[in-house]
Amino acid sequence: MHHSLITRGRIGRMAGIGLLAAITASCSLPITPPIVQNAYRLNPLGTLHTPAIEAHGKPMVFLIQMRSMLADNGFNTSGMMYSSQAQQLRPYRDSRWLAPPADLLTDAITQTLIQQPWVQGVVSNSSGAPAALSMSCHLSRLEHDIVDTTGHVRLVMNCLWLDSAAHSVRASWHFDESVAIDQNDAAHFAAASQKLTDRAITGIVQQTRQLLSQPALVRPDIDG
């Protein structure tokens with residue numbers, strides 16, 4: 001009986017020592033920190049201010065319809081896409097766009113248009129009120145191309161301007177430009193993308209203003 005009690009005591013002490021060793025071992029294991037996800041966005045062009053549109057000495061304002069931008073496959077997600085081979089397209093692992101780039105571009109164009117003195121408002125659909133122009137854009141490419149140690153960012157998109165009343169195409173516009181970068185990482189990709197976005201927005205705003213300035217669309221009954 002005495003022998004049995006000693007055996008149980010030893011078993012208890014051994015179990016306690018084993019538990020302490022396990023705790024000590026777990027504390028000494030390396031802790032892998034969570035991967036930080038960097039999110040980037042495309043901003044409106046706040047420095048673009050175009051002249052007012054006037055008719056009969058009065059400033060004119062127009063309602064514009066800006067439809068949600070569509071995107072090709074591979075560019076309709078929040079992945080920041082890069083290519084190191086002609087037939088290969090991959091997303092950055094630890095970096096992404098805040099939203100799909102088509103959505104970011106739609107918002108950046110919309111916010112820049114609203115800042116112009118000739119824009120009464122920008123809507124996604126014109127069911128509530130007739131829009132002077134309806135704009136529809138498509139994103140074909142926004143990617144970081146890497147060749148050896150050099151890299152560049154390319155933005156390809158096109159837009160159509162439609163006359164809502166006449167149901168006709170007023171103008172079409174194509175943008176295909178690149179910016180070289182001296183460091184191949186997501187931060188430089190995002191900065192170059194913003195430069196290209198600024199150029200594209202400038203072209204879109206100027207084209208929109210030119211179309212609205214044409215006499216066929218300048219109506220004295222819509223004034224500021």
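Trainee: What makes residues count as contacts of Gln194, leaving aside its neighbours within four places in sequence?
Mentor: Contact means heavy atoms within 4.5 Å. Arg41, Leu42 and Asn43 meet that limit, so they are contacts of Gln194. Bear in mind that this is a predicted model: local features need pLDDT of at least 70, side-chain atom pairs count only at pLDDT 80 or more, and totals for chains, interfaces and linings use all residues. Residues are numbered from 1 along each chain as its sequence is written, and side-chain values use heavy atoms, with hydrogens and water left out.

Trainee: Where does Gln194 lie?
Mentor: In helix α3, residues 186-213. Helices (H or I, at least four residues) and strands (E, at least two) are DSSP runs, numbered from the N terminus.

Trainee: Why is Gln194 called buried?
Mentor: Buried means under 20% relative accessible area, exposed over 50%, partly exposed in between (1.4 Å probe, protein chains only). Gln194 has 16%, so it is buried.

Trainee: What share of the chain counts as buried?
Mentor: 37% of its 224 residues. The chain holds three helices and eleven strands. Their order along the sequence is α-β-β-β-β-β-β-β-α-β-β-β-β-α.

Trainee: What makes strand β4 largely enclosed by the rest of the structure?
Mentor: Count its residues. β4 spans residues 62-66, and five of the five are buried, so the strand is largely enclosed. Phe62, Ile64 and Met66 point one way, while Leu63 and Gln65 point the other way. Both sets are buried.

Trainee: How do you know that β4 pairs with strand β8?
Mentor: Two strands pair if DSSP finds at least two bridges between them. Four bridges join β4 to β8 (residues 119-123), so the two strands pair. They run parallel. Leu63 stands opposite Gly121 in β8.

Trainee: Why is the contact between Arg141 and Glu143 called a salt bridge?
Mentor: A salt bridge is a side-chain nitrogen of Lys or Arg within 4 Å of a carboxyl oxygen of Asp or Glu. Here the N to O distance is 3.4 Å, so the pair qualifies. Side chains of opposite charge can pair when their charged atoms come close. The whole structure has four salt bridges.

Trainee: Are Arg141 and Glu143 buried or partly exposed?
Mentor: One of each. Arg141 has 28% relative accessibility, so it is partly exposed. Glu143 has 6%, so it is buried.

Trainee: How do you know that Asp176 and Arg154 form a salt bridge?
Mentor: Their closest N and O atoms are 2.7 Å apart, so they pass the distance limit. The pair links distant parts of the chain, 22 residues apart: Asp176 is in strand β11 (residues 168-181) and Arg154 in strand β10 (residues 150-163). Asp176, at 35%, is partly exposed. Arg154, at 24%, is partly exposed too.

Trainee: What makes Glu177 and Arg199 a salt bridge?
Mentor: Their closest N and O atoms are 3.0 Å apart, so the pair also falls inside the limit. Glu177 lies in β11 and Arg199 in α3, so the pair ties together parts 22 residues apart in sequence.

Trainee: Why are Glu177 and Arg199 called partly exposed?
Mentor: Glu177 has 31% relative accessibility. Arg199 has 41%.
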